Amino acid sequence: ELLADNRVDPTADGGSPLYVALNDGTKEVLMAVLQHQSMLLFERYYAVFRRAIELRRLDAVTMILADARFDPTQSGLAFLIIAFDEDSPEAFQALLDDGRVNPNSPPALKAACSFPGRSAFVKMLLADKRVNPAVVGNERLITAVNLSDAETVQLLLDDKRVSWAHIMYYD
């Protein structure tokens with residue numbers, strides 16, 4: 001009954017009920033808490049979304065993305081970066097699949113190529129038709145080469161949009 005009362009904010013005190021549901025609750029409990037809250041501020045959604053990714057709760061990530069109050073573009077690529085930072089390719093892919101997130105603004109591929117060992121994320125971005133790895137004179141390829149990330153270099157070279165003929169050289 002309390003959750004149905006519009007005067008009750010289940011996110012008060014740092015979002016405790018939401019965090020408890022996320023940490024310990026079933027999918028059904030989490031869905032009930034998400035559906036019956038009066039207003040969830042962006043800052044709280046950011047923290048809850050990050051926690052869902054940290055806990056590898058893809059069900060929670062999916063529920064949050066399905067909530068009309070949640071706008072994954074509100075803070076640029078913040079949510080893609082969270083998924084990347086937490087090494088969660090599942091959440092990263094869920095964000096790309098959502099369609100509202102534009103991986104080119106600012107370029108997620110540039111960030112992904114800047115961290116060796118993250119080729120799974122590079123592969124997902126290259127599979128997204130909105131991403132062009134050849135922009136800015138193949139800068140992404142140059143970044144990967146400079147970092148000696150052989151797997152990322154190979155992924156970029158295998159992409160037909162990247163050409164050695166159009167590489168900008170840096171001193």
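Modeller: Start with one residue. Leaving out residues up to four places away in sequence, aspartate 159 touches Leu126 and Pro133. Keep in mind that this is a predicted model.

Biologist: Where is aspartate 159 placed?

Modeller: Aspartate 159 sits in the segment after α10.

Biologist: Is aspartate 159 buried or exposed, and how do I tell?

Modeller: Look at the relative accessible area. Under 20% means buried. Aspartate 159 has 11%, so aspartate 159 is buried.

Biologist: Let me step back to the whole chain. How many helices and strands does the protein chain have?

Modeller: Ten helices and zero strands. Reading from the N terminus, the order of elements is α-α-α-α-α-α-α-α-α-α.

Biologist: What share of the residues counts as buried?

Modeller: The protein chain has 171 residues, and 42% of them count as buried.

Biologist: Now a helix residue. Where does threonine 152 lie, and what does threonine 152 touch?

Modeller: Threonine 152 lies in helix α10, which covers residues 150-158. Set aside residues up to four places away in sequence. Threonine 152 then touches Cys113, Ser119, Val122 and Ala144.

Biologist: Why does threonine 152 count as buried?

Modeller: The relative accessibility of threonine 152 is 0%, so threonine 152 counts as buried.

Biologist: What about alanine 60? Which helix holds alanine 60?

Modeller: Helix α4, residues 58-66. Alanine 60 also has 0% relative accessibility, so alanine 60 counts as buried. Beyond neighbours within four places in sequence, its contacts are Leu22, Leu30 and Ala52.

Biologist: How far is alanine 60 from valine 48, in sequence and in space?

Modeller: Twelve residues in sequence. In space, 9.2 Å from C-alpha to C-alpha.

Biologist: How many residues are in the largest nonpolar core here, and which have the most contacts inside the core?

Modeller: There are 45 residues in the largest nonpolar core. Phe49 and Phe92 have the most contacts inside that core. Look at phenylalanine 49. Leaving aside neighbours within four places in sequence, phenylalanine 49 is in contact with Val61, Ile64, Leu65, Phe70, Phe79 and Leu95.

Biologist: How do I read a helix pair? At what angle do the axes of α5 and α6 cross?

Modeller: Compare the N-to-C directions of the two axes. Helix α5 spans residues 78-85, and helix α6 spans residues 89-98. Their axes come within 8 Å and cross at roughly 160 degrees. Angles over 145 degrees count as roughly antiparallel. Therefore α5 and α6 are roughly antiparallel to each other. The crossing of α5 past α6 is left-handed.

Biologist: Which residues make the contact?

Modeller: From α5, Phe79, Leu80, Ala83 and Phe84. From α6, Ala91, Phe92, Leu95 and Leu96.

Biologist: Now charges. How many salt bridges does the structure hold?

Modeller: Seven. To read one, find a side-chain nitrogen of Lys or Arg within 4 Å of a carboxyl oxygen of Asp or Glu. Arginine 51 and glutamate 54 form one of them, at 3.1 Å from N to O.

Biologist: Where do arginine 51 and glutamate 54 lie?

Modeller: Both lie in helix α3, residues 42-54. They are three residues apart, about one turn of the helix. With a relative accessible area of 26%, arginine 51 is partly exposed. Glutamate 54, at 34%, also counts as partly exposed.

Biologist: Which partner does arginine 100 have?

Modeller: Aspartate 98, with the closest N and O atoms 2.6 Å apart. Arginine 100 is partly exposed at 35% relative accessibility. Aspartate 98 is partly exposed at 25%.

Biologist: And which partner does arginine 130 have?

Modeller: Aspartate 128, with the closest N and O atoms 2.6 Å apart. Arginine 130 is partly exposed, at 31%. Aspartate 128 has 11% relative accessibility, so aspartate 128 counts as buried.

Biologist: Which residues do salt bridges with shared partners join into one network?

Modeller: Arg50, Arg51, Glu54 and Glu86.

How values were computed:
Residues are numbered from 1 along each chain as its sequence is written. This is a predicted model: local features need pLDDT of at least 70, side-chain atom pairs count only at pLDDT 80 or more; totals for chains, interfaces and linings use all residues. Side-chain values use heavy atoms; hydrogens and water are left out. Helices (H or I, at least four residues) and strands (E, at least two) are DSSP runs, numbered from the N terminus. Buried means under 20% relative accessible area, exposed over 50%, partly exposed in between (1.4 Å probe, protein chains only). Contact means heavy atoms within 4.5 Å. A nonpolar core is a set of buried Ala, Val, Leu, Ile, Met, Phe, Trp, Tyr and Cys residues joined through side-chain atoms within 4.5 Å. Axes are lines fitted to C-alpha atoms, for helices over the stretch in contact, and angles run from 0 to 180 degrees between N-to-C directions. Angles under 35 degrees count as roughly parallel, over 145 as roughly antiparallel, 65 to 115 as roughly perpendicular and the rest as oblique. A crossing is left-handed if the near helix is turned anticlockwise from the far one by less than a right angle, and right-handed if clockwise.
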